[in-house]
Amino acid sequence: MGRQTGVRAGAVAAVLLLAVAGCGGPKSAGDGKTAAKPAASSSPPAAPSPASPGGDAKPAAGDVLPGMVSAAVARTQLAALTTGKPGTMAGYSRDKFTHWAEQGDKCDTRETVLQRDGRGVTRDAECRAVSGSWTSLYDGAVVNEASKLDIDHMVPLAEAWRSGAAAWDAARRKAFANDLTRPQLLAVSAASNRSKGDQSPDLWQPSDKSSWCQYGRAWTTVKSHYGLTVTEAERAMLTTMIDTCAA
């Protein structure tokens, strides 16, 4: 994923029980992700369906991200994903994924996620978080300063580019980079986000294995909704992660 530039603090209140290029903290360069080694490009996937990501499935207890599906639904989604090789990074730029978008009340997407994912979050007149507490999903770290958090793109922008987003128009990329409906954005410790970079699950996994169930389902749901491809190694690790979910 790459590092992101934070501008203002959260607007929508919700409680984060476990929370986590993602993508960037204040004054960072995007989602904090570095480009992976390019490979031969693959054919662009079909446009994703606008249907609800969860269908009628109920998220498992303890989920902290929006739009989560059950393990059974995630397995079905994963089986339906097209297998492909990573595309080239030629032409990639974070500027082609507009972020952070304005969400109203002087708040942008980053500040909205900070408000949603934190506990006891207060903000100033410019929607900047001035206090609160966040638990990073990836490593379990408790963070009490918004400046030490990144907003991670579950599926990094660069990874999306390599798996189909290179063929999208600007509007689709903006929607992807600011998606508050699906489990695509979450507040995490800057250290975990920057360790992740723009790597896929076969190359990087959260150090806190208790988060693997959510991580695997979230990644799969995002790729399913947006019609992105997966590699064989990526599919295998996603299967391993989803298999950690309680029956």
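## Strand S4 and its partners

In what sense, antiparallel or parallel, do S4 and strand S5 (residues 142-143) pair, and over how many bridges? In this predicted model, S4 and S5 pair in the antiparallel sense, and two bridges join them. Within this pairing, Trp-134 stands opposite Val-143 in S5. The two strands form a hairpin with six residues between them, and in its turn Gly-140 has a positive phi of about 75°.

Strand S4 itself spans residues 129-135 and is mostly covered, with five of its seven residues buried. S4 also runs antiparallel to strand S3 (residues 119-123), to which three bridges join it, and here Arg-119 stands opposite Ser-133 in S4. The hairpin of S3 and S4 has five residues between the strands, and Cys-127 in this hairpin takes a positive phi near 70°.

## Nonpolar cores

The largest nonpolar core holds 39 residues, of which Leu-65, Tyr-138, Met-154 and Phe-176 touch the most other members. Two or more residues of this core are given by each of helix H1 (71-80), helix H3 (157-162), helix H4 (170-177), strand S7 (185-189), helix H6 (212-226) and helix H7 (232-242). The largest share, seven residues, comes from H6. Apart from this core lies another, of twelve residues, whose members include Leu-114, Ala-129, Leu-149 and Ala-187.

Conventions. Residues are numbered from 1 along each chain as its sequence is written. This is a predicted model: local features need pLDDT of at least 70, side-chain atom pairs count only at pLDDT 80 or more; totals for chains, interfaces and linings use all residues. Side-chain values use heavy atoms; hydrogens and water are left out. Buried means under 20% relative accessible area, exposed over 50%, partly exposed in between (1.4 Å probe, protein chains only). Helices (H or I, at least four residues) and strands (E, at least two) are DSSP runs, numbered from the N terminus. Two strands pair if DSSP finds at least two bridges between them. A nonpolar core is a set of buried Ala, Val, Leu, Ile, Met, Phe, Trp, Tyr and Cys residues joined through side-chain atoms within 4.5 Å.
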